[in-house]
Amino acid sequence: MNWQPNITPSDRAFSVLPYIMPIIAAIDLSLTAAGPTNSILIQVPIFQPLLVILAPIMQIYLGVPFASFIIFILLFLLVVRNDKISRFIRYNTMQAIMLDIVVFLCGLIIRVVFAPIGGFIVQTLASTVFLGILVGSIYSIVQSVRGEYAEIPTISDAVQMQIR
């Protein structure tokens, strides 16, 4: 979709925030499934600043029991389902929620199906999920800052069905 003139700077700023959720979930998957020493986050130095920047938020998000689930539910009920909030913010929030669901499902498959095999396969799959979610989130963040709707195949279609 093209740039919309009615999207305010505050809409752009608030639409970026939910993308922290799938990024943190992907970081956690990479660190736990592949193991802290085998994670792409540790092996590739360019990702180190990402860990440093998100560390305080990650401590709360991952440290408080059920915090991720509570935030997930609150974003869905209070933002996505609230018609008083701009459609642009609701769209991006729902897209971030869908990316978070992708991380959850991929993590479940990796832990249940591939964990017994272990080793290189788990590390590769966890790294692939992390990179995919990171690229999708960064793309969505850039599009949000530009005032445009980020179109991610399949995910954006599911988001369109959820947003009234």
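Does F66 count as buried or exposed, and at what relative accessibility? Select F66: at 63% relative accessibility it counts as exposed (over 50% relative accessible area is exposed, under 20% buried, and in between partly exposed, with a 1.4 Å probe and protein chains only).

This is a predicted model, in which local features need pLDDT of at least 70, side-chain atom pairs count only at pLDDT 80 or more, and totals for chains, interfaces and linings use all residues. Residues are numbered from 1 along each chain as its sequence is written, and side-chain values use heavy atoms, without hydrogens or water.

Stay on F66. The loop that holds F66 runs between α4 (48-63) and α5 (67-80). F66 is not a glycine, yet its phi is positive, about 65°.

Next, select T154, in the loop between α7 (120-146) and α8 (155-162). T154 also is not a glycine and has a positive phi, near 70°. With a relative accessible area of 61%, T154 is exposed.

Now show the whole chain as a cartoon. The chain has eight helices and zero strands (DSSP runs numbered from the N terminus: H or I of at least four residues for helices, E of at least two for strands). Its radius of gyration is 16 Å, close to the 15 Å that the globule rule gives for 164 residues, so the chain is as compact as a globular protein of that length (C-alpha atoms are used, and the rule is 2.2 Å times the number of residues to the power 0.38). The C-alpha trace spans about 50 × 30 × 30 Å along its principal axes.

Finally, colour by burial: 43% of the 164 residues count as buried.
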